[in-house]
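Please read each point beside the structure shown here.

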Amino acid sequence: MLKRILTSGKARTAVKRLSEDPSARNYLLLGQLHASAGKLGEVERVCKEGLEVYPDNAELKRLLARAKQLSREDRTRELQALLKSSPRPALWRELCQIHLDSGRVARAEEVADEWFFSTNDAEALLMRATARCERFFADRRRDDGRRAHDLIHEAIGALPNDKRPLRLLLDLTSRAGAWQDARSAIARLLELNPGDPALEARFRTVMALAERSGDLDHALRAVERSGRLADEDPENDRRATSGSVRPMLQDLAAQPGVRGAFYVRGGTALVQGPRGATAERTARGVREVIQASRTAARRLGLGQPEEIRCEGGFGTLLARPGSTGASAVWTEKAPSNKQTNALDELTATAQSNLEDRS
Amino acid sequence: MKDVLDPLTRLPGVRLALIVSEDGVPIASAKGESSKSRGDEEGNTDSDEELEAFCGLAAGWYDEVHRAVDPLSWDRPSSISMRCARGTLVMQSCERAILAVLLHRGVVVEELRLPMGSAAARLERNRRRGVVQETSSQAQPSTDGPPGLFPGVSQSPDGSGADVNSTNEVPETSGER
(Lines give C-alpha, C1' and ligand atoms only; values in the text may rest on other atoms or scores of the structure.)
Protein backbone atom coordinates (compact mmCIF):
# COMPACT_ATOMS: atom_id res chain seq x y z
CA MET A 1 0.00 0.00 0.00
CA LEU A 2 2.78 2.38 1.06
CA LYS A 3 4.76 1.42 -2.03
CA ARG A 4 1.76 2.20 -4.22
CA ILE A 5 1.30 5.62 -2.62
CA LEU A 6 4.99 6.44 -3.04
CA THR A 7 4.97 5.23 -6.64
CA SER A 8 1.88 7.24 -7.52
CA GLY A 9 3.56 10.36 -6.10
CA LYS A 10 6.67 9.69 -8.15
CA ALA A 11 4.54 8.98 -11.23
CA ARG A 12 2.82 12.36 -10.86
CA THR A 13 6.21 14.04 -10.71
CA ALA A 14 7.38 12.07 -13.74
CA VAL A 15 4.25 13.07 -15.71
CA LYS A 16 4.90 16.71 -14.85
CA ARG A 17 8.53 16.40 -15.91
CA LEU A 18 7.49 14.74 -19.16
CA SER A 19 5.05 17.52 -20.00
CA GLU A 20 7.82 20.08 -19.43
CA ASP A 21 10.45 18.13 -21.35
CA PRO A 22 9.08 15.32 -23.57
CA SER A 23 12.45 13.60 -24.05
CA ALA A 24 12.97 9.86 -24.60
CA ARG A 25 14.58 9.61 -21.16
CA ASN A 26 11.51 11.08 -19.46
CA TYR A 27 9.19 8.73 -21.37
CA LEU A 28 11.36 5.86 -20.23
CA LEU A 29 11.36 7.07 -16.63
CA LEU A 30 7.57 7.29 -16.56
CA GLY A 31 7.25 3.85 -18.17
CA GLN A 32 9.60 2.34 -15.59
CA LEU A 33 7.60 3.88 -12.75
CA HIS A 34 4.37 2.42 -14.11
CA ALA A 35 6.15 -0.92 -14.50
CA SER A 36 7.26 -0.93 -10.86
CA ALA A 37 3.64 -0.19 -9.87
CA GLY A 38 2.52 -3.17 -11.98
CA LYS A 39 0.44 -1.05 -14.41
CA LEU A 40 1.39 -2.88 -17.58
CA GLY A 41 -1.31 -1.23 -19.71
CA GLU A 42 0.05 2.20 -18.78
CA VAL A 43 3.60 1.07 -19.58
CA GLU A 44 2.52 0.01 -23.07
CA ARG A 45 0.63 3.26 -23.62
CA VAL A 46 3.59 5.44 -22.54
CA CYS A 47 6.10 3.43 -24.58
CA LYS A 48 3.95 3.57 -27.72
CA GLU A 49 3.54 7.33 -27.29
CA GLY A 50 7.28 7.71 -26.80
CA LEU A 51 8.08 5.54 -29.81
CA GLU A 52 5.88 7.70 -32.03
CA VAL A 53 8.20 10.62 -31.24
CA TYR A 54 11.46 8.64 -30.94
CA PRO A 55 10.95 5.57 -33.15
CA ASP A 56 14.60 4.44 -32.93
CA ASN A 57 14.94 4.43 -29.16
CA ALA A 58 16.11 0.94 -28.22
CA GLU A 59 15.36 1.33 -24.49
CA LEU A 60 11.71 2.23 -25.12
CA LYS A 61 11.39 -0.67 -27.55
CA ARG A 62 12.83 -3.03 -24.97
CA LEU A 63 10.51 -1.79 -22.23
CA LEU A 64 7.48 -2.12 -24.52
CA ALA A 65 8.48 -5.68 -25.47
CA ARG A 66 8.95 -6.57 -21.80
CA ALA A 67 5.55 -5.10 -20.84
CA LYS A 68 3.85 -7.01 -23.63
CA GLN A 69 5.60 -10.18 -22.53
CA LEU A 70 4.43 -9.72 -18.93
CA SER A 71 0.86 -9.04 -20.09
CA ARG A 72 0.94 -12.22 -22.13
CA GLU A 73 2.21 -14.17 -19.13
CA ASP A 74 -0.65 -12.84 -16.98
CA ARG A 75 -3.17 -13.79 -19.64
CA THR A 76 -1.55 -17.25 -19.98
CA ARG A 77 -2.13 -17.90 -16.29
CA GLU A 78 -5.76 -16.77 -16.58
CA LEU A 79 -6.34 -18.97 -19.61
CA GLN A 80 -4.80 -22.01 -17.93
CA ALA A 81 -7.17 -21.57 -14.98
CA LEU A 82 -10.16 -21.07 -17.29
CA LEU A 83 -9.29 -24.14 -19.33
CA LYS A 84 -9.39 -26.26 -16.19
CA SER A 85 -12.89 -25.09 -15.27
CA SER A 86 -14.55 -24.69 -18.69
CA PRO A 87 -12.45 -25.68 -21.69
CA ARG A 88 -13.62 -24.30 -25.03
CA PRO A 89 -12.00 -23.85 -28.47
CA ALA A 90 -11.63 -20.07 -28.24
CA LEU A 91 -9.57 -20.36 -25.04
CA TRP A 92 -7.37 -23.14 -26.44
CA ARG A 93 -6.77 -21.10 -29.59
CA GLU A 94 -5.88 -17.95 -27.65
CA LEU A 95 -3.48 -19.83 -25.40
CA CYS A 96 -1.72 -21.39 -28.38
CA GLN A 97 -1.53 -18.03 -30.10
CA ILE A 98 0.01 -16.40 -27.00
CA HIS A 99 2.69 -19.09 -26.86
CA LEU A 100 3.39 -18.63 -30.57
CA ASP A 101 3.61 -14.84 -30.19
CA SER A 102 6.01 -15.27 -27.26
CA GLY A 103 8.25 -17.55 -29.32
CA ARG A 104 7.47 -20.61 -27.17
CA VAL A 105 6.79 -22.80 -30.16
CA ALA A 106 7.30 -26.13 -28.42
CA ARG A 107 4.87 -25.13 -25.67
CA ALA A 108 2.31 -23.96 -28.28
CA GLU A 109 2.60 -27.33 -29.96
CA GLU A 110 2.12 -29.16 -26.67
CA VAL A 111 -1.03 -27.14 -25.92
CA ALA A 112 -2.34 -27.78 -29.44
CA ASP A 113 -1.67 -31.52 -28.99
CA GLU A 114 -3.49 -31.50 -25.67
CA TRP A 115 -6.41 -29.67 -27.30
CA PHE A 116 -6.49 -32.12 -30.22
CA PHE A 117 -6.27 -35.28 -28.13
CA SER A 118 -8.97 -34.11 -25.71
CA THR A 119 -11.48 -32.89 -28.34
CA ASN A 120 -10.35 -34.27 -31.72
CA ASP A 121 -11.20 -30.87 -33.12
CA ALA A 122 -10.12 -29.99 -36.68
CA GLU A 123 -9.19 -26.49 -35.47
CA ALA A 124 -6.74 -28.08 -33.06
CA LEU A 125 -5.21 -29.98 -35.95
CA LEU A 126 -4.74 -26.72 -37.83
CA MET A 127 -3.11 -25.18 -34.76
CA ARG A 128 -0.72 -28.15 -34.48
CA ALA A 129 0.24 -27.61 -38.10
CA THR A 130 0.71 -23.87 -37.53
CA ALA A 131 2.92 -24.48 -34.50
CA ARG A 132 5.06 -27.01 -36.36
CA CYS A 133 5.39 -24.59 -39.30
CA GLU A 134 6.61 -21.89 -36.90
CA ARG A 135 9.09 -24.36 -35.50
CA PHE A 136 10.38 -25.06 -38.98
CA PHE A 137 10.68 -21.34 -39.76
CA ALA A 138 12.63 -20.83 -36.53
CA ASP A 139 14.92 -23.88 -36.64
CA ARG A 140 14.95 -24.67 -40.39
CA ARG A 141 15.14 -28.42 -39.78
CA ARG A 142 14.04 -30.81 -42.50
CA ASP A 143 12.13 -33.12 -40.14
CA ASP A 144 10.07 -30.22 -38.84
CA GLY A 145 9.23 -29.12 -42.38
CA ARG A 146 8.19 -32.62 -43.37
CA ARG A 147 6.05 -33.05 -40.24
CA ALA A 148 4.42 -29.63 -40.76
CA HIS A 149 3.59 -30.62 -44.35
CA ASP A 150 1.94 -33.85 -43.16
CA LEU A 151 -0.05 -32.05 -40.48
CA ILE A 152 -1.26 -29.44 -42.97
CA HIS A 153 -2.51 -32.18 -45.28
CA GLU A 154 -4.36 -33.78 -42.36
CA ALA A 155 -5.89 -30.37 -41.60
CA ILE A 156 -6.91 -29.94 -45.26
CA GLY A 157 -8.66 -33.31 -45.05
CA ALA A 158 -10.45 -32.31 -41.84
CA LEU A 159 -11.42 -28.83 -43.10
CA PRO A 160 -12.11 -29.45 -46.81
CA ASN A 161 -13.53 -26.05 -47.81
CA ASP A 162 -11.36 -23.94 -45.56
CA LYS A 163 -8.77 -21.61 -47.05
CA ARG A 164 -6.62 -21.39 -43.90
CA PRO A 165 -4.82 -24.75 -44.17
CA LEU A 166 -4.20 -24.10 -47.88
CA ARG A 167 -2.81 -20.65 -47.05
CA LEU A 168 -0.56 -22.29 -44.49
CA LEU A 169 0.57 -24.84 -47.06
CA LEU A 170 1.32 -22.03 -49.49
CA ASP A 171 3.28 -20.21 -46.81
CA LEU A 172 5.31 -23.30 -45.92
CA THR A 173 6.07 -24.38 -49.46
CA SER A 174 6.90 -20.93 -50.80
CA ARG A 175 9.15 -20.05 -47.86
CA ALA A 176 10.91 -23.40 -48.21
CA GLY A 177 11.26 -22.84 -51.99
CA ALA A 178 9.20 -25.91 -52.96
CA TRP A 179 7.61 -24.11 -55.89
CA GLN A 180 5.87 -27.15 -57.40
CA ASP A 181 3.96 -27.75 -54.16
CA ALA A 182 3.33 -24.01 -53.85
CA ARG A 183 1.83 -24.01 -57.35
CA SER A 184 -0.61 -26.80 -56.48
CA ALA A 185 -1.55 -25.00 -53.23
CA ILE A 186 -2.38 -21.83 -55.18
CA ALA A 187 -4.34 -23.85 -57.72
CA ARG A 188 -6.47 -25.31 -54.93
CA LEU A 189 -6.93 -21.87 -53.39
CA LEU A 190 -8.08 -20.55 -56.77
CA GLU A 191 -10.66 -23.33 -56.92
CA LEU A 192 -12.10 -22.04 -53.65
CA ASN A 193 -11.70 -18.40 -54.56
CA PRO A 194 -11.84 -18.11 -58.37
CA GLY A 195 -10.74 -14.87 -60.01
CA ASP A 196 -8.73 -13.52 -57.05
CA PRO A 197 -6.26 -11.16 -58.83
CA ALA A 198 -3.55 -11.46 -56.13
CA LEU A 199 -3.65 -15.25 -56.26
CA GLU A 200 -3.64 -15.29 -60.04
CA ALA A 201 -0.59 -13.00 -60.15
CA ARG A 202 1.18 -15.19 -57.63
CA PHE A 203 0.27 -18.28 -59.62
CA ARG A 204 1.95 -16.85 -62.72
CA THR A 205 5.12 -16.04 -60.75
CA VAL A 206 5.25 -19.45 -59.12
CA MET A 207 4.64 -21.18 -62.50
CA ALA A 208 7.94 -19.80 -63.78
CA LEU A 209 9.82 -20.78 -60.62
CA ALA A 210 8.30 -24.28 -60.45
CA GLU A 211 9.82 -25.29 -63.77
CA ARG A 212 13.35 -25.25 -62.42
CA SER A 213 12.78 -26.32 -58.82
CA GLY A 214 12.92 -29.72 -57.15
CA ASP A 215 10.39 -31.38 -54.89
CA LEU A 216 9.60 -30.59 -51.25
CA ASP A 217 12.29 -32.90 -49.83
CA HIS A 218 14.92 -31.29 -52.02
CA ALA A 219 13.82 -27.81 -50.90
CA LEU A 220 13.76 -28.77 -47.22
CA ARG A 221 17.22 -30.26 -47.49
CA ALA A 222 18.51 -27.05 -49.09
CA VAL A 223 16.98 -24.97 -46.27
CA GLU A 224 18.55 -27.19 -43.62
CA ARG A 225 21.94 -27.04 -45.29
CA SER A 226 22.04 -23.29 -45.88
CA GLY A 227 19.98 -22.24 -42.85
CA ARG A 228 18.18 -19.78 -45.09
CA LEU A 229 14.58 -19.72 -46.27
CA ALA A 230 13.78 -19.01 -49.90
CA ASP A 231 12.27 -15.61 -49.13
CA GLU A 232 15.37 -14.39 -47.30
CA ASP A 233 17.99 -12.48 -49.25
CA PRO A 234 21.47 -13.91 -49.11
CA GLU A 235 23.35 -11.82 -46.57
CA ASN A 236 26.27 -11.38 -48.93
CA ASP A 237 24.13 -9.42 -51.36
CA ARG A 238 23.34 -6.71 -48.85
CA ARG A 239 25.59 -3.93 -47.75
CA ALA A 240 26.53 -3.36 -44.15
CA THR A 241 24.76 -0.39 -42.62
CA SER A 242 27.63 1.90 -41.91
CA GLY A 243 25.61 5.14 -41.54
CA SER A 244 24.96 5.54 -37.83
CA VAL A 245 26.62 2.29 -36.73
CA ARG A 246 30.19 3.48 -37.14
CA PRO A 247 30.09 6.25 -34.47
CA MET A 248 28.46 3.80 -32.05
CA LEU A 249 31.20 1.26 -32.75
CA GLN A 250 33.83 3.96 -32.20
CA ASP A 251 32.26 4.88 -28.86
CA LEU A 252 32.17 1.26 -27.80
CA ALA A 253 35.79 0.65 -28.85
CA ALA A 254 36.92 3.74 -26.93
CA GLN A 255 35.57 2.42 -23.63
CA PRO A 256 38.18 1.16 -21.14
CA GLY A 257 38.97 -2.53 -21.37
CA VAL A 258 37.59 -2.90 -24.89
CA ARG A 259 40.01 -4.46 -27.38
CA GLY A 260 37.72 -4.41 -30.37
CA ALA A 261 34.16 -3.72 -31.51
CA PHE A 262 32.63 -5.37 -34.57
CA TYR A 263 29.51 -5.24 -36.67
CA VAL A 264 29.35 -8.23 -38.99
CA ARG A 265 26.86 -8.69 -41.76
CA GLY A 266 27.24 -11.28 -44.50
CA GLY A 267 30.64 -10.93 -46.09
CA THR A 268 31.32 -7.43 -44.78
CA ALA A 269 32.39 -6.26 -41.35
CA LEU A 270 32.96 -2.95 -39.61
CA VAL A 271 35.84 -3.14 -37.15
CA GLN A 272 37.02 -0.66 -34.55
CA GLY A 273 40.11 -1.45 -32.49
CA PRO A 274 42.38 -3.87 -34.33
CA ARG A 275 44.03 -2.48 -37.46
CA GLY A 276 45.22 -3.75 -40.83
CA ALA A 277 45.53 -7.46 -41.35
CA THR A 278 44.74 -8.13 -37.68
CA ALA A 279 41.38 -6.36 -38.09
CA GLU A 280 40.54 -8.52 -41.08
CA ARG A 281 41.59 -11.72 -39.35
CA THR A 282 39.72 -10.89 -36.15
CA ALA A 283 36.54 -9.99 -38.06
CA ARG A 284 36.75 -13.31 -39.88
CA GLY A 285 37.15 -15.16 -36.59
CA VAL A 286 34.17 -13.35 -35.04
CA ARG A 287 32.03 -14.07 -38.09
CA GLU A 288 32.93 -17.75 -37.95
CA VAL A 289 32.09 -17.97 -34.25
CA ILE A 290 28.67 -16.44 -34.91
CA GLN A 291 28.04 -18.63 -37.94
CA ALA A 292 29.05 -21.81 -36.11
CA SER A 293 26.85 -20.87 -33.15
CA ARG A 294 23.85 -20.18 -35.37
CA THR A 295 24.19 -23.56 -37.04
CA ALA A 296 24.73 -25.36 -33.72
CA ALA A 297 21.71 -23.65 -32.10
CA ARG A 298 19.51 -24.73 -34.97
CA ARG A 299 20.75 -28.31 -34.85
CA LEU A 300 20.43 -28.50 -31.07
CA GLY A 301 16.81 -27.33 -31.32
CA LEU A 302 17.43 -24.21 -29.25
CA GLY A 303 16.06 -21.74 -31.82
CA GLN A 304 17.71 -18.52 -32.88
CA PRO A 305 20.73 -17.45 -30.78
CA GLU A 306 20.36 -14.15 -28.92
CA GLU A 307 23.73 -13.95 -27.19
CA ILE A 308 27.02 -15.79 -27.66
CA ARG A 309 29.79 -15.52 -25.11
CA CYS A 310 33.28 -16.90 -25.37
CA GLU A 311 35.78 -16.62 -22.50
CA GLY A 312 39.42 -17.56 -22.16
CA GLY A 313 42.96 -16.26 -21.77
CA PHE A 314 42.27 -13.81 -24.60
CA GLY A 315 39.50 -12.09 -22.61
CA THR A 316 35.79 -12.21 -23.44
CA LEU A 317 34.08 -12.12 -26.79
CA LEU A 318 30.41 -11.21 -26.53
CA ALA A 319 28.23 -11.29 -29.65
CA ARG A 320 24.61 -10.30 -30.17
CA PRO A 321 23.27 -11.77 -33.39
CA GLY A 322 20.22 -9.99 -34.79
CA SER A 323 17.99 -11.01 -37.66
CA THR A 324 19.97 -8.90 -40.11
CA GLY A 325 23.51 -8.76 -38.73
CA ALA A 326 25.49 -9.25 -35.56
CA SER A 327 27.45 -6.95 -33.30
CA ALA A 328 30.26 -8.12 -31.06
CA VAL A 329 32.68 -6.75 -28.52
CA TRP A 330 36.03 -8.17 -27.43
CA THR A 331 37.01 -7.12 -23.92
CA GLU A 332 39.89 -7.81 -21.54
CA LYS A 333 37.59 -8.86 -18.71
CA ALA A 334 33.85 -9.59 -18.56
CA PRO A 335 31.95 -6.81 -20.37
CA SER A 336 30.29 -4.21 -18.14
CA ASN A 337 26.58 -3.41 -18.23
CA LYS A 338 27.36 -0.24 -20.12
CA GLN A 339 29.18 -2.18 -22.81
CA THR A 340 26.42 -4.78 -23.03
CA ASN A 341 23.78 -2.07 -23.38
CA ALA A 342 25.83 -0.34 -26.06
CA LEU A 343 26.00 -3.63 -27.93
CA ASP A 344 22.21 -4.05 -27.71
CA GLU A 345 21.67 -0.56 -28.98
CA LEU A 346 24.10 -1.15 -31.83
CA THR A 347 22.24 -4.27 -32.98
CA ALA A 348 18.83 -2.57 -32.69
CA THR A 349 20.00 0.54 -34.56
CA ALA A 350 21.56 -1.44 -37.38
CA GLN A 351 18.39 -3.44 -37.72
CA SER A 352 16.08 -0.44 -37.74
CA ASN A 353 18.36 1.32 -40.26
CA LEU A 354 18.05 -1.59 -42.60
CA GLU A 355 14.28 -1.85 -42.14
CA ASP A 356 13.92 1.89 -42.88
CA ARG A 357 16.02 1.50 -46.00
CA SER A 358 14.01 -1.48 -47.22
CA MET B 1 30.39 -38.19 -11.39
CA LYS B 2 27.13 -37.96 -9.48
CA ASP B 3 28.67 -35.69 -6.86
CA VAL B 4 29.81 -33.36 -9.66
CA LEU B 5 26.47 -33.06 -11.44
CA ASP B 6 24.02 -33.24 -8.54
CA PRO B 7 24.66 -29.74 -7.15
CA LEU B 8 24.12 -28.32 -10.63
CA THR B 9 20.83 -30.14 -11.16
CA ARG B 10 19.47 -28.68 -7.94
CA LEU B 11 19.81 -25.12 -9.26
CA PRO B 12 16.58 -23.51 -10.47
CA GLY B 13 16.26 -23.40 -14.24
CA VAL B 14 18.69 -26.21 -15.01
CA ARG B 15 17.26 -28.68 -17.53
CA LEU B 16 20.22 -30.96 -18.01
CA ALA B 17 23.79 -31.24 -16.73
CA LEU B 18 26.33 -33.25 -18.66
CA ILE B 19 29.94 -34.32 -18.68
CA VAL B 20 31.05 -34.90 -22.23
CA SER B 21 34.38 -36.08 -23.55
CA GLU B 22 36.19 -33.70 -25.90
CA ASP B 23 35.14 -35.78 -28.89
CA GLY B 24 31.46 -35.64 -27.93
CA VAL B 25 30.85 -38.90 -26.10
CA PRO B 26 28.53 -38.54 -23.09
CA ILE B 27 30.28 -39.54 -19.85
CA ALA B 28 27.57 -38.69 -17.33
CA SER B 29 24.26 -36.86 -17.39
CA ALA B 30 21.66 -35.75 -14.88
CA LYS B 31 18.30 -34.09 -15.39
CA GLY B 32 17.56 -30.85 -13.56
CA GLU B 33 15.08 -30.96 -10.72
CA SER B 34 13.13 -28.00 -12.11
CA SER B 35 12.74 -29.95 -15.38
CA LYS B 36 11.43 -32.98 -13.56
CA SER B 37 8.84 -30.94 -11.68
CA ARG B 38 7.51 -28.69 -14.41
CA GLY B 39 8.01 -30.88 -17.48
CA ASP B 40 10.31 -29.99 -20.27
CA GLU B 41 8.85 -27.10 -22.22
CA GLU B 42 11.48 -26.55 -24.81
CA GLY B 43 11.99 -30.04 -26.15
CA ASN B 44 13.26 -33.26 -24.66
CA THR B 45 16.57 -35.04 -24.73
CA ASP B 46 15.24 -38.08 -22.93
CA SER B 47 16.29 -41.04 -25.01
CA ASP B 48 19.89 -42.26 -25.15
CA GLU B 49 20.16 -41.56 -28.88
CA GLU B 50 18.97 -38.00 -28.42
CA LEU B 51 21.38 -37.48 -25.57
CA GLU B 52 24.25 -38.84 -27.61
CA ALA B 53 23.33 -36.63 -30.55
CA PHE B 54 23.04 -33.62 -28.25
CA CYS B 55 26.47 -34.28 -26.73
CA GLY B 56 28.03 -34.77 -30.14
CA LEU B 57 26.57 -31.54 -31.50
CA ALA B 58 27.48 -29.55 -28.40
CA ALA B 59 31.08 -30.78 -28.41
CA GLY B 60 31.20 -30.11 -32.14
CA TRP B 61 30.15 -26.52 -31.52
CA TYR B 62 32.90 -26.10 -28.90
CA ASP B 63 35.41 -27.45 -31.37
CA GLU B 64 34.19 -25.16 -34.16
CA VAL B 65 34.46 -22.10 -31.93
CA HIS B 66 37.99 -23.14 -31.02
CA ARG B 67 38.86 -23.59 -34.69
CA ALA B 68 37.40 -20.15 -35.49
CA VAL B 69 39.51 -18.33 -32.87
CA ASP B 70 42.64 -20.40 -33.36
CA PRO B 71 44.01 -18.28 -36.27
CA LEU B 72 43.84 -15.24 -33.97
CA SER B 73 46.40 -16.91 -31.68
CA TRP B 74 43.75 -17.13 -29.01
CA ASP B 75 43.99 -20.18 -26.77
CA ARG B 76 41.14 -22.67 -26.43
CA PRO B 77 38.13 -20.91 -24.83
CA SER B 78 37.73 -21.95 -21.20
CA SER B 79 33.99 -21.41 -21.36
CA ILE B 80 31.42 -20.69 -24.04
CA SER B 81 27.71 -20.05 -23.76
CA MET B 82 24.84 -19.41 -26.09
CA ARG B 83 21.51 -17.87 -25.04
CA CYS B 84 18.84 -18.82 -27.55
CA ALA B 85 15.11 -18.45 -28.08
CA ARG B 86 14.39 -21.78 -26.42
CA GLY B 87 17.07 -22.15 -23.82
CA THR B 88 20.69 -21.53 -22.97
CA LEU B 89 23.67 -23.83 -23.34
CA VAL B 90 26.73 -23.23 -21.17
CA MET B 91 29.91 -25.25 -21.63
CA GLN B 92 33.07 -25.16 -19.59
CA SER B 93 36.26 -26.91 -20.47
CA CYS B 94 37.82 -29.14 -17.81
CA GLU B 95 40.88 -31.27 -18.33
CA ARG B 96 40.02 -33.92 -20.95
CA ALA B 97 36.26 -33.29 -20.61
CA ILE B 98 33.62 -30.64 -21.06
CA LEU B 99 31.06 -29.74 -18.46
CA ALA B 100 27.80 -28.69 -20.16
CA VAL B 101 24.60 -27.32 -18.68
CA LEU B 102 21.36 -26.71 -20.55
CA LEU B 103 19.15 -24.05 -19.00
CA HIS B 104 15.54 -23.07 -19.41
CA ARG B 105 14.77 -19.86 -21.24
CA GLY B 106 15.15 -16.74 -19.11
CA VAL B 107 17.79 -18.05 -16.70
CA VAL B 108 20.78 -15.73 -16.34
CA VAL B 109 24.08 -17.39 -17.23
CA GLU B 110 25.96 -15.34 -14.62
CA GLU B 111 24.13 -17.18 -11.84
CA LEU B 112 25.71 -20.39 -13.01
CA ARG B 113 29.30 -19.15 -13.07
CA LEU B 114 30.19 -20.07 -9.49
CA PRO B 115 28.44 -23.46 -9.33
CA MET B 116 30.00 -24.48 -12.64
CA GLY B 117 33.43 -23.44 -11.41
CA SER B 118 32.93 -25.57 -8.30
CA ALA B 119 31.71 -28.51 -10.36
CA ALA B 120 34.73 -28.25 -12.65
CA ALA B 121 37.06 -28.16 -9.64
CA ARG B 122 35.30 -31.19 -8.14
CA LEU B 123 35.64 -33.06 -11.41
CA GLU B 124 39.32 -32.24 -11.54
CA ARG B 125 39.78 -33.36 -7.92
CA ASN B 126 38.00 -36.66 -8.63
CA ARG B 127 40.17 -37.21 -11.64
CA ARG B 128 43.37 -36.60 -9.66
CA ARG B 129 42.21 -38.91 -6.86
CA GLY B 130 41.49 -41.57 -9.48
CA VAL B 131 44.99 -41.20 -10.91
CA VAL B 132 46.57 -41.49 -7.46
CA GLN B 133 44.55 -44.62 -6.61
CA GLU B 134 45.44 -46.17 -9.94
CA THR B 135 49.13 -45.45 -9.36
CA SER B 136 49.11 -46.94 -5.87
CA SER B 137 47.28 -50.07 -7.03
CA GLN B 138 49.85 -50.55 -9.79
CA ALA B 139 52.66 -50.20 -7.25
CA GLN B 140 51.49 -53.11 -5.04
CA PRO B 141 54.13 -55.95 -5.03
CA SER B 142 53.02 -59.02 -6.84
CA THR B 143 53.86 -62.41 -5.41
CA ASP B 144 52.30 -64.49 -8.15
CA GLY B 145 54.46 -63.35 -11.01
CA PRO B 146 57.80 -64.89 -12.09
CA PRO B 147 60.97 -63.77 -10.32
CA GLY B 148 62.75 -60.77 -11.75
CA LEU B 149 65.88 -60.72 -13.83
CA PHE B 150 68.02 -60.82 -10.68
CA PRO B 151 66.47 -63.38 -8.26
CA GLY B 152 68.78 -62.14 -5.52
CA VAL B 153 67.29 -58.67 -5.63
CA SER B 154 64.58 -58.13 -3.06
CA GLN B 155 61.88 -55.55 -3.90
CA SER B 156 61.07 -53.11 -1.13
CA PRO B 157 57.36 -53.28 -0.19
CA ASP B 158 56.64 -49.61 -1.04
CA GLY B 159 58.17 -49.99 -4.47
CA SER B 160 60.55 -47.16 -3.81
CA GLY B 161 63.71 -49.01 -4.55
CA ALA B 162 65.60 -52.31 -4.36
CA ASP B 163 68.18 -53.76 -1.99
CA VAL B 164 71.00 -55.60 -3.74
CA ASN B 165 72.95 -58.26 -1.83
CA SER B 166 76.51 -57.82 -2.94
CA THR B 167 79.38 -60.24 -2.11
CA ASN B 168 82.02 -57.61 -2.58
CA GLU B 169 83.54 -56.57 0.74
CA VAL B 170 84.49 -53.04 1.30
CA PRO B 171 87.66 -52.65 3.42
CA GLU B 172 87.00 -50.85 6.67
CA THR B 173 90.34 -49.11 6.50
CA SER B 174 92.21 -47.73 3.62
CA GLY B 175 95.28 -50.01 4.34
CA GLU B 176 97.70 -47.14 4.36
CA ARG B 177 99.73 -46.85 7.47
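1. Strand 4 (residues 315-321) of chain A is a covered element, since 7 of its 7 residues are buried. Buried here denotes under 20% relative accessible area, exposed over 50%, and partly exposed in between, with a 1.4 Å probe and protein chains only. Helices (H or I, at least four residues) and strands (E, at least two) are DSSP runs, numbered from the N terminus.

2. The basis of the note is as follows. This is a predicted model, in which local features need pLDDT of at least 70 and side-chain atom pairs count only at pLDDT 80 or more, while totals for chains, interfaces and linings use all residues. Residues are numbered from 1 along each chain as its sequence is written, chains are lettered from A and ligands numbered from 1 in the order in which they are written, and side-chain values use heavy atoms, with hydrogens and water left out.

3. Strand 3 of chain A runs antiparallel to strand 4 of chain A, and 5 bridges join them; two strands are taken to pair if DSSP finds at least two bridges between them. Within this pairing, A:Ile308 has A:Ala319 in strand 4 as its bridge partner. The two strands form a hairpin with 2 residues between them.

4. Strand 5 (residues 326-331) of chain A is likewise antiparallel to strand 4 of chain A, with 6 bridges joining the two. A:Leu318 is bridged to A:Val329 in strand 5. This hairpin has 4 residues between its strands. In a regular strand, side chains alternate between the two faces of the sheet.

5. Strand pairing also crosses from one chain to the other. Strand 3 (residues 305-312) of chain A and strand 3 of chain B run antiparallel and are joined by 6 bridges. Two of the facing pairs may be located in the model: A:Glu307 stands opposite B:Arg83, and A:Pro305 has B:Cys84 as its bridge partner.

6. B:Met82 faces B:Leu89 in strand 4 of chain B. Strand 3 and strand 4 of chain B form a hairpin with 2 residues between them.

7. How much area do chain B and chain A bury between them? The value is about 3,000 Å², of which 57% is on carbon and sulfur atoms. Buried area is the accessible area (1.4 Å probe) that two parts lose on being put together, summed over both. The contact takes 32 residues from chain B and 38 residues from chain A, where contact means heavy atoms within 4.5 Å.

8. Polar and charged interactions also occur across the interface. The rule finds 12 residue pairs in polar contact between chain B and chain A, both residues being at pLDDT 80 or more. A polar contact is a pair of N or O atoms within 3.5 Å; within protein, one must be able to donate a hydrogen and the other to accept it, and residues adjacent in sequence count only if both atoms are side-chain atoms. The rule also finds 5 salt bridges across the interface, a salt bridge being a side-chain nitrogen of Lys or Arg within 4 Å of a carboxyl oxygen of Asp or Glu. B:Glu110 forms a salt bridge with A:Arg309, and their closest N and O atoms are 3.6 Å apart.

9. On the side of chain B that touches chain A, the elements giving two or more residues are helix 3, strand 3 and strand 4 of chain B. Helix 3 of chain B gives the most, with 8 residues.

10. B:Val65 lies in helix 3 (residues 48-69) of chain B. Is B:Val65 buried or exposed? B:Val65 counts as buried because its relative accessibility is 1%. B:Val65 touches A:Val289, A:Ser293, A:Cys310, B:Pro77 and B:Ile80, not counting residues up to four places away in sequence. B:Val65 and B:Ile80 are 15 residues apart in sequence, and their C-alpha atoms are 8.6 Å apart in space.

11. For chain A as a whole, the secondary structure comes to 15 helices and 5 strands. Buried residues make up 48% of the 358 residues in chain A.
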